[in-house]
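Hi,

Here is the structure I promised to pass on.

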Amino acid sequence: MTKRNVAWWLVVAFVVAGGVSLLASSHPDGFEKAGEETGYIHTATNLLSSPLPDYSVPGIDSWLSSSLAGIVGVALTFGVFMALSRVLARKSSR
Amino acid sequence: MHIPDGILSPAVWTAATAASALVLAGSVRHSKRTLEHRAVPVMGAMAAFIFASQMVNFPLLGAATSGHLIGGALSAILFGFWPATLIMTTVVAIQAIVFQDGGITALGANVFLMAIAAPAVATLVHKALKSFRVPMAVSGFVAAWCSVVAVSIVGAALLAWSGVIGFAPAAASLLFWHAFIGIGEGLITAVVIPFALRSSFHFAAKEGLGA
């Protein structure tokens, strides 16, 4: 039962990240907007070059780019959380 | 609310990183004591869902601005404060390292804001409202809204402490936008919680709500 529920939530996450996210607003978010209003955003830089910068796959120039990035992100988030937490969790007393 | 590199002063991002590390050490200790193996995939699915939801920026007020879910309240209400810090830290760290969303020097500060302050405030507000027997949807909405607004105030404090801007103007501007973003956070939280509880998420952590 739980396994099926987890699978369903992952399906929803994949659909949201790979599909619904294509409809996302590209306007600056609240933090950037406030930074533009008050001036603090102008010193912003990037010290780390990421493999999938700004939720896009470098070299792909269509909607597929951010869709793929979203799908990779969901899989990665689930996988990393599982890997870290399994180490932390104790054996079930069931 | 993802702070990029280059804005916070070294003293501030170092302090925020130290504070976050301290709390996360507590989270690790807590989960070694209480986290059960079978709960891990359920929490992982919520982490994945929150990552996905954060990609969906919703437009605000036709004002050329957008906001997105943080998810700190959602994870805290479902699983309790300590597990929520682990879920949110995973999301925020992956965003910074893999997707360049939020700076690498600011990672500790972003963890402090979204993975610690947001779940902490949501937990406190939600517990308080629950003792007044406020319906789940309402307390979920209010807790989520409060978490976003609180995070924007703490963010303003970090900016002010960094010396980039005064606290009052930073807080005024951040608060204004996040008061609206918080409504989105509240709505999504209130809508998702019942679905999550129905799909057996509640057993994952004892401090979470349960059904």
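One convention before the findings: angles under 35 degrees count as roughly parallel, over 145 as roughly antiparallel, 65 to 115 as roughly perpendicular and the rest as oblique. Please also keep in mind that this is a predicted model.

Let's start in chain B. Helix α3 (residues 72-79) of chain B packs against helix α5 (residues 107-131) of chain B at an angle of about 55°, and their axes are 8 Å apart. On the α3(B) side the contact is made by B:Gly72, B:Ala73, B:Ala76 and B:Ile77, and α5(B) brings B:Met114, B:Ala118, B:Pro119, B:Ala122, B:Thr123 and B:His126. Sorted by class, that contact has seven nonpolar, three polar and no charged residues. The crossing is right-handed.

Chain A has a helix pair worth a look too. The axes of helix α1 (residues 2-18) of chain A and helix α3 (residues 63-88) of chain A cross at roughly 150° and come within 7 Å. This makes α1(A) roughly antiparallel to α3(A). Here, too, the crossing is right-handed, and the contact has nine nonpolar, four polar and no charged residues. Among the residues that meet are A:Leu10 and A:Phe14 in α1(A) and A:Ile71 and A:Phe78 in α3(A).

Best wishes

How values were computed. Residues are numbered from 1 along each chain as its sequence is written. Chains are lettered from A and ligands numbered from 1 in the order in which they are written. This is a predicted model: local features need pLDDT of at least 70, side-chain atom pairs count only at pLDDT 80 or more; totals for chains, interfaces and linings use all residues. Side-chain values use heavy atoms; hydrogens and water are left out. Axes are lines fitted to C-alpha atoms, for helices over the stretch in contact, and angles run from 0 to 180 degrees between N-to-C directions. Helices (H or I, at least four residues) and strands (E, at least two) are DSSP runs, numbered from the N terminus. A crossing is left-handed if the near helix is turned anticlockwise from the far one by less than a right angle, and right-handed if clockwise. Contact means heavy atoms within 4.5 Å. Ala, Val, Leu, Ile, Met, Phe, Trp, Tyr, Cys and Pro count as nonpolar, Asp, Glu, Lys and Arg as charged, and the others, Gly among them, as polar.
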